[in-house]
Each structure stands twice: as C-alpha cells, then as structure tokens.
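Hi there,

Here is the structure I promised to pass on.

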There are 2 protein chains.
Amino acid sequence: MSADEIAVLEANDAFYDAFHRRDVAAMDALWATDVPVTCVHPGWDPIRGRDEVMASWQRVLLGDAPDVRASRASAHVAGDAAWVVCREQIPNGPPLAATNLFVRRDGAWKMCHHHAGLVARPDDERLPAALA
Amino acid sequence: MSADEIAVLEANDAFYDAFHRRDVAAMDALWATDVPVTCVHPGWDPIRGRDEVMASWQRVLLGDAPDVRASRASAHVAGDAAWVVCREQIPNGPPLAATNLFVRRDGAWKMCHHHAGLVARPDDERLPAALA
C-alpha cells in the first residue's frame with residue numbers, strides 16, 4: 001500500500017471517528033472548504049453545498065443516528081483526488097456501502113463527498129432480479 | 001454552469017447512453033485506464049480493478065438489467081477530478097441515488113468510480129428511524 005493510500009485511509013478513519021464521537025467540530029474540519037461538497041445520507045436526497053452538508057451532519061450527529069462502523073475499506077488515489085469504498089454497519093441494521101471522496105489540500109486529504117446507501121439483498125423484492 | 005461542469009455532465013450522459021444502448025465497447029471506452037477503478041452496483045459488493053469492473057458491466061449490459069434513466073444530475077469539479085450526483089430511475093422500481101466519479105485525462109473526463117444504491121424510503125422498516 002502506498003503512503004498516499006495509507007493517508008487516505010487515515011482520513012477515512014478520522015471521518016468515522018468523528019461520526020462515532022458525535023463531534024460536529026471535528027466533522028466540519030474534515031471537509032474541504034474550497035470545493036463544492038456534496039453528501040448522500042442513506043434515505044436522504046443528495047445535499048449540495050457546504051452549509052447544507054454541515055447542517056445535515058449537525059442533525060445526524062446531534063440526533064439519534066445509530067453508531068456506524070466501517071470495514072473492508074480500500075483507498076484509490078488519482079493525483080490530488082482519492083476515494084474510499086467501504087462497508088458500513090449499524091447495530092441490528094442492514095449493511096450499507098459507502099463512497100467517500102477526498103481532495104488533497106496542503107498535504108492533507110479533505111472530504112468533498114460522502115455517499116452511503118443500502119446494499120440491497122438478493123431477496124429484496126423491490127428490486128428486479130437482474131439488479132439484485 | 002462552467003465549461004468544465006458541462007463537460008462532466010456530458011460524460012455522465014455518455015455513461016447512461018452506453019447503459020441504455022447496452023454498448024459494452026462504449027462503456028469500456030468511458031472508463032479510465034490509468035487509475036484503479038471501482039464500482040458499486042446496486043445490491044453487489046464493491047468491485048475493484050478495471051478487469052473486474054468491466055466484466056461486471058458486460059454481465060449487466062448483456063444480461064436483463066432494466067433500463068436506467070438519470071435525472072437531477074449536478075456536476076462538481078475539483079481540479080482534474082469531478083463527480084456527479086444524480087438520481088437513477090428504473091421502470092416500476094425504487095429510486096436509486098448515484099455517485100459517478102471522473103478524472104480528467106488529455107482534456108476528456110474518464111470515469112473511475114460508479115456507486116448506485118437504493119434511496120431508502122421513510123417507511124423502510126429495515127432502517128432505524130434516525131436514518132430513514
């Protein structure tokens with residue numbers, strides 16, 4: 001694993017750590033300030049714009065959202081952008097798949113997009129068989 | 001909207017056009033060749049590596065996957081990386097949210113990650129209320 005990939009995975013860990021600690025200030029500090037950030041929370045429509053995204057995190061972190069644990073994370077670097085694909089698990093809940101996107105700023109990887117959504121299961125009757 | 005954002009949305013349209021036409025060669029040409037591409041199809045575990053991702057598209061495009069239409073797309077550019085957030089709709093199916101990630105190569109935006117997943121609905125009994 002490259003030094004860049006390790007650094008990206010550390011940024012990804014910091015994101016889930018801020019989530020776990022319900023730390024709104026740490027979450028804010030993780031996100032880029034100079035790119036148009038976006039976020040797709042599970043079950044929410046996409047949120048666009050830093051103020052809106054941060055307001056959504058405040059609602060999630062200070063609300064009664066369940067604890068989230070990430071696993072199976074892999075980092076993928078393309079120049080000054082990088083993304084992580086991982087699995088999210090909530091207690092007694094269905095598994096989620098997440099994409100976390102970062103940009104490199106002054107040597108640090110800053111988050112610019114988060115997308116978490118249900119991993120449909122093969123027995124999910126709402127999906128056509130070809131997609132399930 | 002900037003010229004970059006327009007170009008990214010055009011690349012996003014080309015992706016859904018290749019999907020609609022079941023065009024495996026066009027789909028292959030859309031994806032970057034020099035970065036570690038990844039893909040999260042709805043209901044599949046994340047796929048990592050170009051050969052594996054392209055094999056998955058061959059299976060999807062030549063199988064009986066339903067037609068997918070994209071809407072509400074927005075493009076977000078950060079240097080030589082960009083991403084699109086949009087809604088996907090399949091006939092008589094649940095709505096999906098998608099993240100499509102691109103890198104700029106020789107002036108063209110090449111796909112390097114696709115993530116589509118169910119948008120959980122507020123009445124989804126599988127999600128804790130705080131996430132739904």
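**Contacts across the two chains**

The side chain of His113(A) makes a polar contact of 2.7 Å with the side chain of Thr99(B). By polar contact I mean a pair of N or O atoms within 3.5 Å; within protein, one must be able to donate a hydrogen and the other to accept it, and residues adjacent in sequence count only if both atoms are side-chain atoms.

Before going further, some bookkeeping. This is a predicted model, where local features need pLDDT of at least 70 and side-chain atom pairs count only at pLDDT 80 or more, while totals for chains, interfaces and linings use all residues. Residues are numbered from 1 along each chain as its sequence is written, chains are lettered from A and ligands numbered from 1 in the order in which they are written, and side-chain values use heavy atoms, with hydrogens and water left out.

Back to His113(A), which sits in strand S6 of chain A. Helices (H or I, at least four residues) and strands (E, at least two) are DSSP runs, numbered from the N terminus. Is His113(A) buried or exposed? His113(A) is buried, at 0% relative accessibility; the classes are buried under 20% relative accessible area, exposed over 50% and partly exposed in between, with a 1.4 Å probe and protein chains only. Within chain A, the side chain of His113(A) also has a polar contact of 2.7 Å with that of Thr38(A). Setting aside residues up to four places away in sequence, His113(A) touches residues that include Trp31(A), Cys39(A), Trp83(B) and Val85(B); contact here means heavy atoms within 4.5 Å.

Ala97(A), in strand S5 (residues 96-105) of chain A, is buried as well, at 2% relative accessibility. Beyond its neighbours within four places in sequence, Ala97(A) is in contact with Cys86(A), His115(A), Ala116(A), Gly117(A) and Val119(A), and with Val40(B) and His115(B).

Asp45(A) belongs to the loop between strand S1 (38-40) and strand S2 (47-48) of chain A. Asp45(A) is partly exposed, with a relative accessible area of 41%. Which residues does Asp45(A) contact, leaving aside its neighbours within four places in sequence? They are Cys39(A), Arg72(B) and Arg87(B). With Arg87(B), Asp45(A) makes a side-chain to side-chain polar contact at 2.3 Å.

**Two backbone points**

Arg72(B), one of the contacts of Asp45(A), has a positive phi of about 55 degrees although it is not a glycine. Arg72(B) lies in strand S3 (residues 69-78) of chain B and is exposed, at 55% relative accessibility. Asp106(A) is not a glycine either, yet has a positive phi of about 50 degrees. Asp106(A) is in the loop between S5 and strand S6 (108-118) of chain A, and at 87% relative accessibility Asp106(A) is exposed.

**Helix packing**

In chain A, the axes of helix H1 (residues 3-21) and helix H3 (residues 50-62) come within 8 Å and cross at roughly 55 degrees. Axes are lines fitted to C-alpha atoms, for helices over the stretch in contact, and angles run from 0 to 180 degrees between N-to-C directions. H1(A) and H3(A) are therefore oblique to each other: angles under 35 degrees count as roughly parallel, over 145 as roughly antiparallel, 65 to 115 as roughly perpendicular and the rest as oblique. On the H1(A) side, Phe15(A), Ala18(A) and Phe19(A) meet Trp57(A), Val60(A) and Leu61(A) of H3(A).

In chain B, H1(B) and H3(B) pack at an angle of about 55 degrees with their axes 8 Å apart. Phe15(B), Ala18(B) and Phe19(B) of H1(B) make that contact with Trp57(B), Val60(B) and Leu61(B) of H3(B).

H3 of chain B also holds Ser56(B), which is buried, with a relative accessible area of 4%. The side chains of Ser56(B) and His41(B) are joined by a polar contact of 2.8 Å. Not counting residues up to four places away in sequence, Ser56(B) touches Trp44(B) and Ile47(B) as well as His41(B).

**How the copies relate**

The same surface serves both copies, with 100% of the contact residues of chain B recurring in chain A.

Best wishes
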